[in-house]
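Work through the exercises below with the sequence and the structure side by side, and try each task before reading its solution.

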Amino acid sequence: MSPSALRPAPLPSGPAPDAAQPAALRERLASHIQRRGALAVLVLMVAIASATSDTFPTWSNISSILGNNAFVWLLALGMTFVILTGGIDLSVGSLYALGGVLGAYGAHAGGTWLAIVLPLAVGAVWGSVQGLLVSRAGMAPFIVTLAGLLGARGLLQALTDEGATTYLVPPGSAFRHLGAGTWTPVLIVVALFALGALLLTRTRFGATVTALGGNENAATLMGLPVARTKVLVYVLSATLASAAGALGSARLGSGVTTIGVGYELTAIASVVIGGTLLTGGSGSIGGTASGVLVLAVIHNLIDHYFSQYGSAFTDTVNGAFLAVVVLAQTLLSRTRQTD
């Protein structure tokens with residue numbers, strides 16, 4: 001018998017099948033928690049609140065949750081695309097206020113068409129400048145959009161004589177009907193979120209956004225339009241913020257100059273709570289929708305049970321909840337990398 005016949009067969013490389021199955025299971029579980037954790041928390045909160053409160057499940061309360069801040073949720077929709085690329089947009093709160101003033105001014109000066117076109121045009125131009133500075137000049141998104149936050153607020157003050165002038169939407173204007181009631185704002189937001197989901201999951205642009213956030217160098221080597229995609233996500237975010245502000249002015253009947261402060265943080269918190277990683281590359285529009293509803297329900301419950309503590313308590317809870325979510329995302333990411 002030859003010596004080669006006595007040599008033991010080589011052991012199979014890689015983990016044993018029995019060992020690989022738990023690792024794959026843990027990875028799938030971590031992925032499901034990251035993507036659908038906000039929805040599970042939302043369902044649990046609604047169930048507990050409905051069981052412990054007679055007023056929470058009433059139509060008046062539900063319409064308050066859905067209708068009063070519906071347009072603000074559009075900021076989170078645009079922010080989702082920006083964060084998926086690994087960026088950030090701090091200017092959306094100021095652009096929301098600026099869009100409201102431009103919408104009210106347009107309705108007063110030129111009618112419904114100008115009230116819609118003017119905020120959209122200004123938002124698109126503003127987003128283009130920010131996107132070009134990030135993609136072409138290589139500037140940090142935090143610095144660029146922080147400058148955008150200050151610049152938009154300054155332009156707002158200049159247009160309103162430092163808040164002394166308030167533009168009113170004419171009572172008979174068709175523009176005012178876009179923000180009236182509960183269902184009109186909700187239907188507009190639902191339609192835009194649905195379009196956003198289709199854009200992210202069914203188009204090449206959406207695939208490029210996700211690839212860019214996952215690994216920008218790899219996306220460049222693959223020949224993907226990295227610079228153009230960066231510009232477009234900031235255009236989308238700024239345009240949605242301005243449009244949301246304009247629709248908000250239609251609901252309020254005027255361009256309020258003091259709104260929008262801190263809205264960018266609410267938008268970021270909604271996106272992160274919805275499962276989108278701050279580092280980019282992973283997230284969904286459905287998760288963001290769950291995130292904004294989680295925060296809306298939290299605010300509603302605090303107003304119901306802890307109204308005596310005011311908005312400071314709301315901010316504290318939001319911060320604590322966001323910290324827990326980011327910690328959970330970090331742990332889940334480590335679990336998936338280890339597996």
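The model is a predicted one, in which local features need pLDDT of at least 70 and side-chain atom pairs count only at pLDDT 80 or more, while totals for chains, interfaces and linings use all residues. Residues are numbered from 1 along each chain as its sequence is written, and side-chain values use heavy atoms, with hydrogens and water left out.

**Exercise 1.** Determine how the axes of α4 and α8 are arranged, and which residues meet.

Step 1. Helices here are DSSP runs (H or I, at least four residues), numbered from the N terminus; α4 spans 73-84, and α8 covers residues 183-202.

Step 2. The two axes, which are lines fitted to C-alpha atoms over the stretch in contact, with angles from 0 to 180 degrees between N-to-C directions, come within 10 Å and cross at roughly 10°.

Step 3. Angles under 35 degrees count as roughly parallel, and α4 and α8 are therefore roughly parallel to each other.

Step 4. With contact taken as heavy atoms within 4.5 Å, residues of α4 including Trp73 and Phe81 meet residues of α8, among them Val189 and Phe193.

**Exercise 2.** Describe Asp161 and Glu162 by place and by phi.

Step 1. Asp161 is found in the loop between α7 (141-159) and α8, and Glu162 lies in the loop between α7 and α8.

Step 2. Most residues other than glycine have a negative phi. Asp161, however, has a positive phi near 55°, and Glu162 has a positive phi near 60°.

How values were computed
Helix = DSSP H or I, 4+ residues; strand = E, 2+ residues; numbered from the N terminus. Parallel < 35°, antiparallel > 145°, perpendicular 65-115°, else oblique.
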